[in-house]
Each structure stands twice: as structure tokens, then as C-alpha cells.
Amino acid sequence: MRGNNILGLIFANMSKNSIREIARSRTMGSIPFGGRYRLIDFPLSNMANSGINKVGVVVNGNYRSLLNHIGSGKPWDLSRRNDGLFILPPISGNAEDFDNKVKAIFAIREFINDSKEEYVLLCDCDTVCNINYADILKRHIENNADITIVYKNGTLPQKIIKPVVISEKNEDKISNIIINPEIDYECDYGLNMYLINKGILSNVIEECMSRNEVDFERDFIQKNIKRFNIYGYKFEGFSSMITSSDAYFESNMAMMKEDVRIELFDYSRPIYTKVRDDMPARYGSESNVKNSLISNGCIVEGEVYNSILFKGVHIKRGAKVSNCIIMQDTEIGEHCRLDYAMIDKNTIIRSGRSMMGFASYPIYIGKSSVV
Amino acid sequence: MYPKQEVVAMLLAGGQGSRLGSLTKKLAKPAVEYGGKYRIIDFPLSNCVNSGIDAVGVLTQYQPLILNEYIGSGQPWDLDGTNVGVQILSPYQRSKGASWYSGTANSIYQNINYIERYNPDYVLVLSGDHIYKMDYSKMISFHKSKNADCTIAVIEVPINEAHRFGILNTYSDGEIYEFDEKPEFPKGNKASMGIYVFNWKKLKYYLKQDSLNSDSTNDFGKDVLPYMLSKGEKMFAYKFDGYWKDVGTIESLWEANMDLLNSENKFNLNDNLWRIYSRNPIMPPHYISNIASVKNSLISDGCNIYGEIDTSVIFTGVYIGKNSRIRNSVVMSGAIIEDDVDIEYAIIPENAIIKKGSKLGKLQKNQKLKITVADYTD
């Protein structure tokens with residue numbers, strides 16, 4: 001399928017405050033996930049697999065690692081003669097404006113208006129899922145909708161920032177939403193994915209800006225709930241929102257479940273990522289590994305339980321690693337003991353060190369540290 | 001106009017590799033898998049790129065589909081340049097008839113046009129059935145320093161095995177005075193690695209001469225090289241002393257895989273200064289379950305391991321079921337090993353399905369090493 005009628009817009013750095021420590025040195029979209037991915041791989045791959053041929057990535061903050069990761073867009077088949085991948089950094093005015101969705105969309109309005117697509121899909125990088133946007137477009141058109149909000153049914157993820165909860169609806173026609181409610185029962189909450197008719201997006205963003213009403217959820221969606229045809233699309237597959245460090249840890253650990261992996265990494269709709277030419281993982285004769293995900297380029301000479309090893313991790317002899325996320329190229333020295341730890345990339349844990357977090361509070365060691 | 005290239009590499013990839021049996025039923029030998037995620041051709045291609053050679057012609061003939069698809073635009077090896085890069089060269093039809101490549105030399109002869117467009121000084125001829133890392137630029141410097149017409153890379157083999165190889169006898173400065181193909185009584189132990197550097201003008205002349213000789217089998221080793229020597233051309237042997245493995249037989253392919261598990265072996269595929277590039281499949285990391293056990297093995301992305309693995313190489317996307325034991329074996333990509341299977345000293349081909357309860361490749365005591373290839377065709 002070459003190209004459909006959707007323009008994809010990915011906000012690479014929204015909601016990064018929820019996971020401040022890991023996002024300190026990078027954007028939300030370039031946070032490592034699941035042993036070899038970055039969070040932006042999910043929206044990018046979902047868009048590519050749904051036939052979306054033109055994708056703008058709105059970046060700000062420290063987006064160097066993100067640019068390094070997505071490059072020309074080749075792994076997602078978005079390096080195209082026509083359309084393909086566009087990086088949209090702040091080019092004038094205040095870079096912080098790009099932390100605000102309304103201001104960012106206003107700043108890139110020319111890019112949006114010059115696109116031939118009639119629909120715009122807005123998507124953040126905080127949701128890990130495998131979703132078919134073509135199906136959402138089909139329903140959007142059937143419903144004659146102006147805006148379609150992708151939602152999930154369940155209890156709100158912990159520490160979620162400013163969730164949108166659908167409070168009144170008939171079938172999937174939404175008549176009211178509430179923002180940031182304190183509720184602990186099951187509800188329909190948004191996954192920060194919106195499919196919007198392009199004309200409406202442009203007009204309403206300009207209205208918002210002219211009144212200086214720049215809260216996307218409140219001023220764009222909630223205030224216009226009666227004015228437009230707003231529909232919900234219930235996503236029933238596996239999804240996990242990265243709303244906090246704990247949620248990040250749990251979402252990673254969910255990859256140990258075979259049914260989650262089969263669904264998330266569906267071979268007919270693969271999650272693409274930038275590849276590195278590592279050799280397969282090498283296991284030593286004294287290694288002992290149970291219930292873990294191990295990437296190419298790893299060398300495992302010690303013991304690993306319930307953990308995720310990103311590419312190029314070296315677990316030396318006698319080391320014991322349980323319930324950990326070890327990011328790329330980190331080295332765990334001989335006879336170390338690690339439990340409930342998240343170790344960022346390029347870190348060296350010297351021989352014999354011991355670090356214990358708790359299930360409710362995994363410890364985090366920053367990028368390129370030496371312990 | 002194409003930019004001049006000092007060196008053009010020609011990679012002979014048309015061979016059937018009949019000694020690899022069912023592994024090459026549907027693909028050419030250079031496309032056979034090796035080392036958990038690679039295909040043999042990744043090695044000469046990566047060596048070319050790492051040696052600074054940008055123009056690589058790949059001569060294909062036997063079962064080219066998988067090989068052609070694998071090479072594609074050459075992007076994984078950075079060989080997708082605008083004017084240079086990898087070029088697949090298959091036999092073609094001319095205004096006066098068409099012919100298959102009748103031998104290694106003939107395949108180059110039929111592609112003189114490809115080489116000429118780069119106006120090279122040297123042509124490097126490579127074969128697609130060896131596993132090694134080699135800096136060809138050093139060999140070319142040697143060739144230049146000797147003012148040679150042809151340089152052949154050699155590796156020293158144990159003298160008692162020399163009868164299996166093409167042996168080159170040389171003077172002390174490396175100049176070749178005799179070719180001795182599989183000699184019964186070898187005089188030396190320098191075996192040809194099938195890697196040749198030629199001065200292009202000389203090679204072109206001899207390829208034309210060879211094409212006019214109706215008695216010739218159009219082969220480099222049998223015809224062109226001995227003929228050049230007989231005409232008094234300056235031919236040198238270039239000694240290589242790294243890891244080099246001919247993977248032309250099932251046993252040697254198995255051994256080459258097992259070499260990667262030997263900690264004494266210095267052949268490192270994770271060398272940042274000499275990366276081996278390949279077309280990487282898009283799969284999540286592999287999963288080792290609670291009931292699995294893995295020792296002394298290589299395992300690639302996308303695998304799901306529920307059984308017991310010891311001293312084996314497991315390729316991308318393999319499934320190993322419960323209570324299955326894999327020992328001293330090579331399981332190629334996409335294979336499914338169901339529950340309660342016992343495999344030893346075997347190669348499981350790509351995408352094979354080994355049914356529940358199967359037993360494969362048990363060795364009898366004191367039996368000579370024999371590797372079983374699972375009989376599977378999809």
C-alpha cells in the first residue's frame with residue numbers, strides 16, 4: 001500500500017516530565033525500550049504499517065539522540081522520493097513553545113496546510129502498542145467524524161499526567177470529556193492519539209492561538225465537544241502507557257509474556273527500529289538465564305533472572321542480575337549483585353558491587369556512569 | 001561517466017556448492033547461513049567495504065533469487081552509492097546468442113564492460129564460500145610493492161593436509177614458480193585462498209586469450225593462472241595469517257559455526273574496527289524462559305527458547321520447544337523445534353519444522369564426526 005490520506009504527526013517530546021530521570025539526556029521518543037527499541041519506534045512503525053506515507057516528527061529539547069536514531073527514516077520505509085519523514089524542530093521564537101501542543105501545531109501550520117492529506121493523526125510517544133491506524137480512518141469516515149479520540153478501557157495508569165476521560169458517550173459518539181479527574185474505577189481514557197480532519201485542525205488551532213487559549217485537551221477538544229462530531233475508537237489490544245518510572249519498568253517487564261510479544265511484535269505488522277550490526281548473543285559455559293529477554297551483541301557469563309538486556313551488554317562471570325533493565329553496552333563486573341535496578345547505557349558496574357532496589361522502587365543509574 | 005576506481009572487486013557467487021547437499025537446494029552457496037545471523041557473502045562484502053573498495057560486482061548464476069533479494073540495493077553494506085556500490089551480474093543475452101558462465105574466468109570475461117566503466121588499475125577476484133576477515137588494501141599494497149602482474153592470497157596449512165588444497169610453490173621472496181593442484185606429494189604448504197589481485201590490463205588480455213582457446217574450461221585455477229605463469233608473468237603469493245575457513249562441506253560449515261563457541265578462537269565478529277555487516281531481520285530480542293537452559297552457545301534475535309541448549313548456534317527467529325535438547329548443533333533461521341526433540345551433531349536448515357519427539361544425529365561411540373542435515377523441504 002503506497003500512501004493513504006493521513007498525515008502523521010508525532011510529538012517526540014510530550015509528557016517527558018512523567019519519566020524525568022531516564023528522559024534527562026534525551027527526548028521521550030528516544031527512550032530505550034524492550035531490549036532494542038526506542039519509544040518512537042512504536043508510533044513510527046504503526047504509521048508506516050498503516051500506509052501513512054508522510055510523517056512529521058515534532059522535536060525540541062535535546063533531540064540529538066532522536067535524530068541519530070531515526071536518520072532518514074529508512075528503517076520505517078519513510079525515506080521516500082515523495083513525502084516520507086520530516087523532522088520539525090522549533091525554527092523561530094521560543095523553543096519552549098514546542099512543549100505545548102497547540103503552539104507547536106500552530107508553528108508548523110504551513111507544513112500541515114501544504115500537505116495533500118485530508119486527515120491528520122496526532123500521536124505522542126508515551127504509548128507502547130501495535131495499532132492499525134487505517135482501521136481508525138475507516139471508522140472515522142463511516143462515523144462522518146471530525147475528530148476521533150483513541151481510547152482504552154481500564155483504570156487510569158498511576159501518576160498519569162492530565163488524562164482525558166470520556167465521561168458521556170452514546171455508542172462511540174462522545175458528548176463530554178473530563179480532564180485530569182481523580183478516579184480509581186474503570187473508565188475510558190485517551191491514549192494521546194487523535195485523528196482530526198485537517199481543515200478543522202487548522203481553523204481551531206488558529207482560533208485557540210488568537211484567544212491565547214493553548215491547552216490542547218481543554219481548549220481544543222473539551223470546549224468544542226458540542227460543536228464537532230467527536231467519536232471514540234476503542235483500542236482493545238495490548239497497550240502500555242509510560243506515565244512514570246514505575247510504569248516504564250512494568251511495561252518493559254510485560255515483554256516477558258509470550259502473548260504480549262506475539263501481539264506487540266506481530267510479524268505481519270513489525271515494529272521497525274534502527275539496527276546495529278551486532279553478532280548474536282554469546283552465552284558462556286557457566287551462564288544461567290531464566291525468564292529474560294536478551295539482545296544481539298550481549299555476552300552472558302553470569303546469571304540473569306527476570307531481566308531485559310539491551311544490545312551489547314556484558315554480564316561477567318559470577319555476576320547475578322535479577323529483575324533488572326540493563327541498557328545498551330553496559331558492563332556488569334564479576335560477582336556483582338543487582339536486583340530491581342535500571343542501568344542506563346554505556347555504564348560500567350565494577351566487580352563485586354551490590355545494588356538492590358525494590359519492586360515498588362527500582363533504582364536508576366544514569367547514562368555513562370561508573371559505579 | 002563513472003568515477004575511476006583504483007580497484008574493482010569481482011565476487012564469484014554463482015557456485016552451486018553441491019557438497020552442501022540439501023542446504024543449497026534452493027539457494028547458492030554464498031547465501032548459506034552462518035554464525036547465527038549472517039550469510040557467507042556478508043564476509044567478502046564487509047571485507048570489501050572495510051578495505052575501502054566501493055565497486056563490487058557479484059556474479060550470480062545458480063539459484064540466484066535468495067542471493068539477489070538478500071543483496072538488494074546493497075544498503076546494509078553501505079554499497080548503494082550513486083555511481084558505485086554492489087552490482088549483480090547475471091548471465092545475459094547478446095545480439096549474437098547467449099551463454100551461461102562456463103567457468104570462473106568466463107564469468108569475468110563476460111562482464112568486461114562492467115569493469116571497464118570504472119577504468120581500474122587492479123581487479124580483485126573473490127569467492128563467496130569462505131569465512132574470514134581480511135584487509136584487501138594490504139594485499140593490494142603488497143601487489144604494488146612487488147610490481148606483480150598477479151598476486152594470490154595463500155594460507156599455510158598443515159603439510160599432511162596440503163594434498164586437499166591447491167598448493168603454490170614459491171621462491172623465498174614469494175614469487176610463484178609452480179601451481180600444484182591437490183598434490184600427492186606436496187613440496188610446500190601454501191594453499192591458495194581463491195583471492196586474486198590482477199593488473200586489469202594483463203587480466204583483460206589473458207581473459208581474451210582464454211576465451212579463444214577451445215580446450216580451456218575457462219577456470220582461473222585450472223586455466224588462466226597456469227597459462228599466465230607459463231608466459232612468464234610476475235606472480236606472487238601473499239601470505240595471510242588470520243582465521244580462514246572454507247565452508248564448502250557440511251562438516252566444515254558445522255565446524256566453522258562451532259569455532260565461534262571456542263573461547264580460544266580469536267575470530268571476533270563484534271570487532272568495532274572490522275564490522276561484519278548483514279541484512280538484519282526486524283525482530284525483538286530473544287526470550288529465554290523459566291524452564292530453559294543455555295550454555296556455551298550463540299543465540300540470535302527473535303528466538304523463543306523453552307528447551308535446553310548446549311554448545312550450539314541458534315539463528316534468528318528459532319523456536320525451541322519444551323524438553324527439547326539441542327547439543328553441538330546449528331539451527332538455522334526460522335526453524336521450529338517442537339517439544340521433546342533430541343538433536344545432536346546436526347544442522348537444521350532454514351524454516352525447517354522438527355516434529356515433536358524426533359531424534360536426530362546421535363553419534364555412535366568412536367564414530368568419525370558426521371553431521372546430519374535435517375531432511376526438510378518447504
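Contact here means heavy atoms within 4.5 Å. The model on screen is predicted.

**Stop 1: the core around Met134(B)**

Select Met134(B), Ile195(B) and Ile347(B). These residues have the most contacts inside the largest nonpolar core, a set of 74 residues. Next, colour helix 8 of chain B, residues 250-259; with five residues, this helix gives the most to that core.

**Stop 2**

**Stop 2: where the chains meet**

Show both chains. The interface joins 35 residues of chain A to 36 residues of chain B. About 3,100 Å² is buried between them, and carbon and sulfur atoms give 49% of that area. Select Asp277(A), Met279(A) and Tyr283(A): these supply 22% of the area that chain A buries against chain B, more than any other three residues.

**Stop 3: charged and polar pairs**

Pick Asp278(A) and Arg275(B). They form a salt bridge, with the closest N and O atoms 3.8 Å apart. The count of salt bridges between the two chains is two, and 23 residue pairs across the interface are in polar contact.

To finish, highlight helix 10 (258-264) and strands 14 (281-283), 15 (288-290) and 16 (292-294) of chain A. Each supplies at least two residues of the side that touches chain B. By class, that side of chain A has 15 nonpolar, 11 polar and nine charged residues.

Notes:
Residues numbered from 1 in each chain as written. Chains lettered and ligands numbered in written order. Predicted model: local features only at pLDDT ≥ 70, side-chain atom pairs only at ≥ 80, totals over all residues. Heavy atoms only, no water. Core = buried A, V, L, I, M, F, W, Y, C linked by side-chain atoms within 4.5 Å. Buried < 20%, exposed > 50% of the residue type's maximum accessible area, 1.4 Å probe, protein only. Helix = DSSP H or I, 4+ residues; strand = E, 2+ residues; numbered from the N terminus. Buried area = accessible area lost by both parts, 1.4 Å probe. Salt bridge = Lys/Arg side-chain N within 4 Å of Asp/Glu carboxyl O. Polar contact = N/O pair within 3.5 Å; in protein donor to acceptor, adjacent residues only side chain to side chain. Nonpolar A, V, L, I, M, F, W, Y, C, P; charged D, E, K, R; others polar.
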